[in-house]
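Here is a short report on charged side chains and how they pair. Look at the structure first, then read on.

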Amino acid sequence: MEKTLRELAEYLQGTLENEDQKLIVTGVNGLVEAGPQDISFAVPPHVEHCHLSKAGVMVLAPEDPKLDRPVIRVKDPRAAFAALLELFRAREDVERVISPLAFVAASAKIGKNVAIQPFAVIEEDAEIGDDSVIYPHVYVGKHVKIGKACTFYPQVTIRENCVIGNSVVLQSGCVIGGDGFGYITDKKTGRHSSVLQAGNVVLEDEVEIGNNTCIDRATAGSTIVGAGTKIDNLVHLGHNDVLGKNCLVVAHVGISGSVTVGDNVTFAGQVGTVGHITIGDNCVFGGKTGITNNVPSNSFYAGFPARPHKEWLKQEANLRKIGDLLKKVKVLEETVAKLEK
Amino acid sequence: MEKTLRELAEYLQGTLENEDQKLIVTGVNGLVEAGPQDISFAVPPHVEHCHLSKAGVMVLAPEDPKLDRPVIRVKDPRAAFAALLELFRAREDVERVISPLAFVAASAKIGKNVAIQPFAVIEEDAEIGDDSVIYPHVYVGKHVKIGKACTFYPQVTIRENCVIGNSVVLQSGCVIGGDGFGYITDKKTGRHSSVLQAGNVVLEDEVEIGNNTCIDRATAGSTIVGAGTKIDNLVHLGHNDVLGKNCLVVAHVGISGSVTVGDNVTFAGQVGTVGHITIGDNCVFGGKTGITNNVPSNSFYAGFPARPHKEWLKQEANLRKIGDLLKKVKVLEETVAKLEK
Amino acid sequence: MEKTLRELAEYLQGTLENEDQKLIVTGVNGLVEAGPQDISFAVPPHVEHCHLSKAGVMVLAPEDPKLDRPVIRVKDPRAAFAALLELFRAREDVERVISPLAFVAASAKIGKNVAIQPFAVIEEDAEIGDDSVIYPHVYVGKHVKIGKACTFYPQVTIRENCVIGNSVVLQSGCVIGGDGFGYITDKKTGRHSSVLQAGNVVLEDEVEIGNNTCIDRATAGSTIVGAGTKIDNLVHLGHNDVLGKNCLVVAHVGISGSVTVGDNVTFAGQVGTVGHITIGDNCVFGGKTGITNNVPSNSFYAGFPARPHKEWLKQEANLRKIGDLLKKVKVLEETVAKLEK
């Protein structure tokens, strides 16, 4: 792929500054990694270092500083960068065939233009919609329903009866519909008997699930991930969780069973929750937050136990004052003792 | 499946109130999800909301409130719910055949009534007991011994020489017997040389291991999980850990190497421990606890570093008093300054 | 394997005390697990309990206490133990054949003395160096380059275009080159559009990656793990992370995207970081540390937010003094009130 600056400015619908007609751009890369034939971008706070980049041309916003090298000005440099990635590296083309090395049950229904790669297993009565791509070693259990234009990377497991919408992406090794962690304990013997997890998992349209993430099936009914919600690697969702639309769940988050989460909620990394709580819409949780109670909509929480972020910051600041406080109280005690005499 | 209220009351050995002879129950579901042809249950604290459920019939304990709809009273509503799940959804029937698409080494010993599904690998000298079910893409290494009536879901790895008891359930993607994290570091060069992990993992009877959980093999000897212990998703057990019987280990718990844990211990989510410690019987650890020392039997610990739960609660309460304390000390300083004058 | 004490002392280049010519050693094991025909070792603080071990012979350092049983004295007992593990249990011998049950694309280049086991998938234009071992169910994507003498255990995924050095060990279920977690959010609709992850992952020589660990591919350029770095189970490395040489990353660590880490850095279990920061050489982070800013070289940090370990210890000590402080201030208030009267 070779592009002139003018071609790139046109592609991005941007304004070109300091044109260099001889420059041929051959790739796109980050601020630090880019070389003289690469295009890169910057947004605050990195924009102040962008003069240090070796990129041949930068994508910047109109209000960003002037540079003495080629710049393409656009409204949203981050979106332009995403478009450049698509331009310079076409998505890997996958041949749409059903490999003779895959196992596809006779009763499975496979749509048009589907790829099923070697050693994938599609079980009885499973359905796969048009334009979906199934990589090697994927397991699709009995009666699973899969929508159109899905992509499942290697080693994915989808257990029986789960329902997957359209345009769902499952990264490698994730497990959809594993048995929930439900037991009844005999108080005398301490023995835990497993409760049959008779429900399923429903992933709505445009959901993405990260590598080795686990979403447990419901005890009865469905564990649900709402449309457009994106989940990172190594996340755990317990049985009967219901997540809303367009949430972001970052790596290592653990959500216990029977938690209901609204729309547009963001969980930063390593957050954990107790079970059986309700979290409203538009909430944001800082990294490592431990959520122990219901949370109202539009909350920004942090800490363990979770509290409003401002309170948490204040408490952290107070914490750093204890040393000082100890000294002050010692002085006071001495002064008061003198006064008493 | 269709059941009358009387049939259900008999099945649960319970007492029927407000019988409706016309009502045909066709499913079982949670309090919120259940509809007019479903049976559901409630236990405290949810029992106070059970009049809001749309379930056609509720299972409650004798002491729970009266309802103006059908109720079946039983001693243990949770156990009754588990029994209803088994009644309304029979466990998936798996055909007991060895797929010609599986790889089974000539020297492997396979018991009676065993299922081995497509693309499973059973290596040399491995043994699989009667009535066990091996899903697709499971790897059973050389010399592995597996008991009777086990179920291994897709993508499970069991490395060489491990020993698995009877009625063990391994959820998808878990790794039993991966190499432990053991290195010897050359102090001059900083280079880490790996220590051969020559031992194995032993899972005793009725152990259950969650999706994508990792249990490392011992350096020498065995990493052991005691009979009846249940482990959730994405848990890490280090090399040479020894867990007792009937423990519960919730998602994202990480137990470092050479830790010994007694019987009936519960680790809530995201707990972590240092290595080379001993934890007694009947302990409970709250979520996110960081265990840095030996813990005596019958402890209820929380916080990081871990301490008795009551102490942790008190410290958390004290923390919230610092703001107040700062104000009080300021007032005192002013008053004492005046007094000094 | 049967060895006399003299043979073992010679093998370890150590000095033999309390020789027992009749003793035949048949195995090597830990201090607690070893029996009368086993050799074991101890280092501080365990060395003080080594008289309680049932091991037939102990490996100790010259300065360790005398025992009334056979002892082999060496400079580094831990290194001697590693050598004994290699002696008593040879590494599993893997037959170097390409299984007819594997899928190897016609355009893949396979070196000499390579094993590719059943149901492994080697995609188009992938390269595998001499002496490498690929276990069952491993997926090697298009254009992946793999060096010499690598070992990839079952269920490993290596996505397209990744580059793996020599002598790299990938434990079961790890995912190299999964798509990074990158989205552009439409502020009006809340919809997240995925940013094509066009880069790859580079693992340098002698890297080891733990079971079910996930290392995401870069958005552009490469996510890099430096030579000799060892990563434990269930770790998450985000897109565009660059780790130095000879680091140790313990289980459940989560490193957000675009983090640069120096050489010889140790992350203890369950550490988390924000993205876009730089961590210097030779740093050590205690368990559960939350790293929220750049960290200079040679730091020993702990706590959340991360701070120097000494500060963290002091703050933890101060915390425990709040109860006392509350009492003192109450006494002061009473005394001052009296004085005011």
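This is a predicted model: local features need pLDDT of at least 70, side-chain atom pairs count only at pLDDT 80 or more; totals for chains, interfaces and linings use all residues.

**A pair within chain A**

Glu127(A) has a partner. The residue forms a salt bridge with Lys145(A), and the closest N and O atoms are 3.8 Å apart. Glu127(A) sits in strand β12 (residues 127–128) of chain A and Lys145(A) in strand β15 (residues 145–146) of chain A, so the pair ties together parts that are 18 residues apart in sequence. Lys145(A) is partly exposed too, with a relative accessible area of 40%.

**A pair between chains**

Another salt bridge brings together the side chains of Glu316(A) and Arg307(C), at 4.0 Å from N to O. Glu316(A) belongs to helix α3 (residues 309–319) of chain A and Arg307(C) to strand β39 (residues 307–308) of chain C, so this pair joins two chains. Glu316(A) counts as buried, because its relative accessibility is 11%. Arg307(C) is buried as well, with a relative accessible area of 9%.

**A pair within chain C**

Arg6(C) and Glu19(C) form a salt bridge, with their closest N and O atoms 2.9 Å apart. The two come from distant parts of the chain, 13 residues apart. Arg6(C) is in helix α1 (residues 5–12) of chain C, while Glu19(C) is in the loop between β2 (15–17) and β3 (24–25) of chain C. Arg6(C) is partly exposed at 48% relative accessible area. Glu19(C) counts as partly exposed at 36%.

| Salt bridge | N to O distance |
|---|---|
| Glu127(A) and Lys145(A) | 3.8 Å |
| Glu316(A) and Arg307(C) | 4.0 Å |
| Arg6(C) and Glu19(C) | 2.9 Å |

**The wider count**

How many salt bridges are there over all chains? The count comes to 24. Some share partners: Arg159(A), Glu160(A) and Asp179(A) are joined into one network in this way. Side chains of opposite charge can pair when their charged atoms come close.

**A patch of like charge**

Which residues gather in a patch of positive charge on the surface? They are Lys314(A), Lys321(A), Lys328(A), Lys327(B) and Lys330(B). One of them, Lys328(A), lies in helix α4 (residues 322–340) of chain A. Lys328(A) counts as partly exposed, because its relative accessibility is 34%.

Note on methods: Residues are numbered from 1 along each chain as its sequence is written. Chains are lettered from A and ligands numbered from 1 in the order in which they are written. Side-chain values use heavy atoms; hydrogens and water are left out. Patches are made of residues with over 30% relative accessible area and no salt bridge: like charges are joined within 9 Å, nonpolar side chains (Val, Leu, Ile, Met, Phe, Trp, Tyr) within 5 Å. Accessible areas come from the Shrake-Rupley method with a 1.4 Å probe; for residues, only the protein chains shown count as cover. Lys and Arg count as positive and Asp and Glu as negative; His and the chain ends are not counted. The place of a charge is taken as NZ of Lys, CZ of Arg, CG of Asp or CD of Glu. Helices (H or I, at least four residues) and strands (E, at least two) are DSSP runs, numbered from the N terminus. Buried means under 20% relative accessible area, exposed over 50%, partly exposed in between (1.4 Å probe, protein chains only).
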